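Here is a briefing on a two-chain model. Look over the sequence and structure first, then read on.

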Amino acid sequence: MPHFAIIAVSILFDGLAYAMFLFITSVGLSVTMGLMNFVNLAHGAFAMAGGYIVVTLTRTLGIDFVPSLIIASVSVGLISIPFERYLYRRLYKATDLEQVLLTIGLAFMSIATFTYFYGPIPKSVPLPEWLQGDINLGFRNFPSYRAFLIVLGAFLIAVLWYGFERTNIGAKIRAAVDNRRMAESVGINVDLLFTLTFAVGSGLAALGGGLAIQLFGLSPSFAVIYLVLFLIVVAVGGLGSLKGTLLAAFVLGVFDTAGKYLLADAGGFFIYAVTVAVLLVKPAGFYGRE
Amino acid sequence: MAASDTRSAARIEARERAAEYLVSRHRFRWPEALPWLIAIAAFFIFPDRMTFGGQVLIMVLFALSLDLILGYAGIVTLGHAAFFGIGAYTAGLLIARLGYSEPISTLFAAAAVAALIGFISGWFLLRYRGLTLLMLTLATAIMLQETGNLRSDISGGYDGLPGLTISPLFGKFDYDLYGHVNYLYVLGVLAVVFYLVRRIVYSPFGQALTGIRENVRRMHAIGSPVHRRLVTVYTIAAAIAGVAGALFTQTNAYVTLTVFDFDNSAKVMVMLILGGTGRLYGAFAGAVVYMVLEDYFSKLSPTFWQFGIGLLLVLAVLFARRGLLGLFEDAGRYFSMRKKP
């Protein structure tokens, strides 16, 4: 196979795996922001919490990686409910600035808490055998872990798509994103719906946090460093749009990977240049409402 | 007849009172001298802490520039460190690459470059609001940082530009080890810039900005050139942040790419919120309280400090939305009301 084709396939493969991570972690943020117009800068903290729960479960308690991911995701989803009910809810009608400040405050507090308990040094997780090493796809070997990410991402996309487009609750969420007042007047309990989506979104973020450990390592600064990426995915995709978040995760994931492969020095520049370009042309993102 | 007479009399009286308020509100009041007296007193009381004192005053200046756009015009930005960084690097590169180290003209150069970047980015970005604007301002700061990293042959990359020497002030006063000259220099610059900001805030232009913050649709409706006003104030604020950045480089004699960090943008915003937005002296109260607390607690435990500042933010949003100065005002009003009956 010619050299450039190998590079292209590698970029696409790694980019896709990266995109799946971005999608899984950001989709909850997108739906909650679309539903309540709430700028949640503590989303990265929920992802980080998930990551640390996975670290504790695998390292200290010796539970396998995949069950740990599930436990972490469910428990963070449950933990997030009181935050939504007692803190966030008070600020739905407040200004952007107040929401930014409250959630950045929460992010700082969580970073400090996790630094206190886990220290500032990056953590890793022990992977099961079948996720280590490479997988042969006929013409080239690919890392099994990234292949796992892509398969898991595809599965979650299918589940979310079905839930969003084909179930009663999904229809209610879409109705509430489109027109909250109208949805309330036809008897949809938007408050309850929002608590539910917030918990699911935070749970997915925790799953993303657990998956990220193998890719980037996990340190307490995760909550802020990767938060910027999640926010960018949401802004580029358009608030509250599943399709938009997926497209944005894919575009940004592949562009970022390509940038790092082809122009290592310019590394971080690409993803932001793409973001600015998209937002200048479409301020509400790919599928956002103008 | 009689009824309409009293009504118009009341109306005239109300109008006169409003006019009186508008004419008098920009006048100097004695409590305003207090922060400046404290700053001068600090010079004599803590002679061995003047390097730190200079840092505090620089952050006051930086927070003041953010107050113009955030507090008065209501532009929420997550990338104000971009302009601080531009100013810091203008000063740093002038010395390290061109060998030009005269301090005061450097400040003007830093202000000009930062204003230019502020004008260009503001022209494009200030048409947007909400999340889009937050992301675009954040991306601007990070792109500048990455540009610096890309051309590390010029900028020195993440190692920065160390060991910069600054020419004596006015060709006479050399920078001493204890930062005495530097403190007075920064205080002088702060006083000049503060005077300008005060003029801007109380001018019709400042009134228009407040109008845009409170109700942008109505400002559009009465024909106010909203976009032009926002770009103007954004450019001015960028220039002031650039001056603060240049002072930062001159005070520390080094500069690294961390000046563009998100942390720096967040920090200055926290200071301003802590002090109170849209009230000129909020920047003073917030920056001083923040810097002193940070200096004390981060020595004890940086983790503890970070938790504390997070908690402070959450509490400020929930219970003290108008900042420390707002709290004082409320307390003052409470006590004066208790006294009356």
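Is B:Ala253 buried, partly exposed or exposed? B:Ala253 is partly exposed, because 15 other C-beta atoms lie within 10 Å. The cut-offs are 20 or more other C-beta atoms within 10 Å for buried, 12 or fewer for exposed, and partly exposed in between, with C-beta atoms placed from the backbone.

The model is predicted: local features need pLDDT of at least 70, side-chain atom pairs count only at pLDDT 80 or more, and totals for chains, interfaces and linings use all residues. Residues are numbered from 1 along each chain as its sequence is written, while chains are lettered from A and ligands numbered from 1 in the order in which they are written.

**Confidence**

- The predictor gives the complex an ipTM of 0.83 and a pTM of 0.85.
- Chain B has a mean pLDDT of 85, and 95% of its residues reach 70 or more. The pLDDT score is the predictor's confidence in each residue, from 0 to 100.
- Within chain B, confidence is lowest in helix 15 (residues 323–339), at a mean of 75. It is highest in helix 11 of chain B, at 94.
- Where pLDDT is low, predicted coordinates should not be read in detail.

**Chain A overall**

- Chain A has 11 helices and 2 strands. Helices (H or I, at least four residues) and strands (E, at least two) are DSSP runs, numbered from the N terminus.
- Along the sequence, the pattern of chain A is α-α-α-α-β-β-α-α-α-α-α-α-α.
- The radius of gyration of chain A is 19 Å, close to the 19 Å that the globule rule gives for 290 residues, so chain A is as compact as a globular protein of that length. The radius is taken over C-alpha atoms, and the rule is 2.2 Å times the number of residues to the power 0.38.
- The C-alpha trace of chain A spans about 60 × 45 × 35 Å along its principal axes.
- Of the 290 residues of chain A, 48% count as buried.
- Among contacts in chain A between residues at least 6 apart in sequence, 76% join residues at least 24 apart. A contact needs C-beta atoms, placed from the backbone, within 7 Å.

**The A–B interface**

- 35 residues of chain A are in contact with 28 residues of chain B.
- On the chain A side, the elements that give two or more residues are helix 4 (96–118), helix 9 (222–237) and helix 11 (269–281).
- Helix 4 of chain A gives the largest share of that side, 16 residues.
- The chain A side divides into 27 nonpolar, 5 polar and 3 charged residues. Ala, Val, Leu, Ile, Met, Phe, Trp, Tyr, Cys and Pro count as nonpolar, Asp, Glu, Lys and Arg as charged, and the others, Gly among them, as polar.

- Helix 4 of chain A has 23 residues and reaches 32 Å from its first C-alpha to its last, close to the 33 Å expected. The expected span is 1.5 Å times one less than the number of residues.
- Helix 4 of chain A is mostly covered, with 17 of its 23 residues buried. A:Gly119 follows this helix, with a positive phi near 80 degrees.
- Helix 4 (residues 81–98) of chain B has 18 residues and reaches 24 Å, close to the 26 Å expected.
- In helix 4 of chain B, 16 of the 18 residues are buried, so the helix is largely enclosed by the rest of the structure. B:Gly99 comes after it, with a positive phi near 70 degrees.

**Chain B overall**

- Chain B has 15 helices and 0 strands.
- The radius of gyration of chain B is 22 Å, close to the 20 Å that the globule rule gives for 341 residues, so chain B is as compact as a globular protein of that length.
- Its C-alpha atoms fill a box of roughly 80 × 45 × 45 Å along the principal axes.
- Of the 341 residues of chain B, 47% count as buried.

**Local points in chain B**

- B:Ala253 sits in the loop between helix 11 (226–252) and helix 12 (262–275) of chain B. Its phi is positive, near 65 degrees, in a residue other than glycine.
- B:Leu280 lies in the loop between helix 12 and helix 13 (282–300) of chain B. Its phi is also positive, near 45 degrees. B:Leu280 is buried, with 21 other C-beta atoms within 10 Å.

Methods:
Two residues are in contact if their C-beta atoms, placed from the backbone, lie within 7 Å.
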